[in-house]
Amino acid sequence: QVQLVESGGGLVQAGGSLRLSCAASGRTVSNYAMGWFRQAPGKEREFVAAISWNGGGTWYADSVKGRFTISRDNAKNTVYLQMNSLKPEDTAVYYCAADPTTGWGIPGPGNYWGQGTQVTVSS
């Protein structure tokens, strides 16, 4: 089993920045594709960003391209999401995901999930 714990969320003004972290425990996730998803009130969970096992591949939702950067440190079993130029529409609970079935692409339905961290962007 893999446990994922997100941190780094909070309240920030529009235009500001936050850095989310996702620490994995239980087993190494160095071979897993990892990603971030978010869910705003009244909306379905949506994909935000993903990174391949070695960091050689990254994928982003169109809504965050150029503003968010996903990275990972396999030595620390941790994935990060640097969020810049935040907008009120980025307000959501952000979830980390780890896909044990693949090391490449966007994590799929068989993910491990964290408990989420709240990001609130004020206008």
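Is K76 buried or exposed? Here it is exposed, with a relative accessible area of 56%; buried means under 20% relative accessible area, exposed over 50%, and partly exposed in between, with a 1.4 Å probe and protein chains only. This is a predicted model, in which local features need pLDDT of at least 70, side-chain atom pairs count only at pLDDT 80 or more, and totals for chains, interfaces and linings use all residues. Residues are numbered from 1 along each chain as its sequence is written, and side-chain values use heavy atoms, with hydrogens and water left out.

**View A. K76 in its loop.** K76 sits in the loop between strand 7 and strand 8. Strands here are DSSP runs (E, at least two residues), numbered from the N terminus. Look for T28 as well: K76 and T28 are 48 residues apart in sequence, and their C-alpha atoms are 9.2 Å apart in space.

**View B. The salt bridge of R38 and D90.** A salt bridge is a side-chain nitrogen of Lys or Arg within 4 Å of a carboxyl oxygen of Asp or Glu, and by this rule the count comes to four. One of them joins R38 to D90, with the closest N and O atoms 2.9 Å apart. R38 lies in strand 4 (residues 33-39) and D90 in the loop between strand 8 (78-83) and strand 9 (92-99), so the pair ties together parts that are 52 residues apart in sequence. Both residues, R38 and D90, are buried.

**View C. D90 again, now with R67.** The side chains of D90 and R67 meet in a salt bridge at 2.8 Å, N to O. Because R67 lies in the loop between strand 6 (58-60) and strand 7 (68-73) and D90 in the loop between strand 8 and strand 9, this pair ties together parts that are 23 residues apart in sequence. D90 is buried at 1% relative accessibility, and R67 is buried too, with a relative accessible area of 11%. Salt bridges that share partners join R38, E46, R67 and D90 into one network.

**View D. The salt bridge of D62 and K65.** Between D62 and K65, the closest N and O atoms of the salt bridge are 3.2 Å apart. D62 is exposed, with a relative accessible area of 64%.

**View E. S52 and its surroundings.** S52 lies in the loop between strand 5 (46-51) and strand 6, and at 0% relative accessibility it counts as buried. A polar atom of the S52 side chain lies 3.1 Å from the backbone nitrogen of G56. Leaving aside neighbours within four places in sequence, S52 is in contact (heavy atoms within 4.5 Å) with residues including Y32, W59, R72 and W104.

Terms used
Helix = DSSP H or I, 4+ residues; strand = E, 2+ residues; numbered from the N terminus. Polar contact = N/O pair within 3.5 Å; in protein donor to acceptor, adjacent residues only side chain to side chain.
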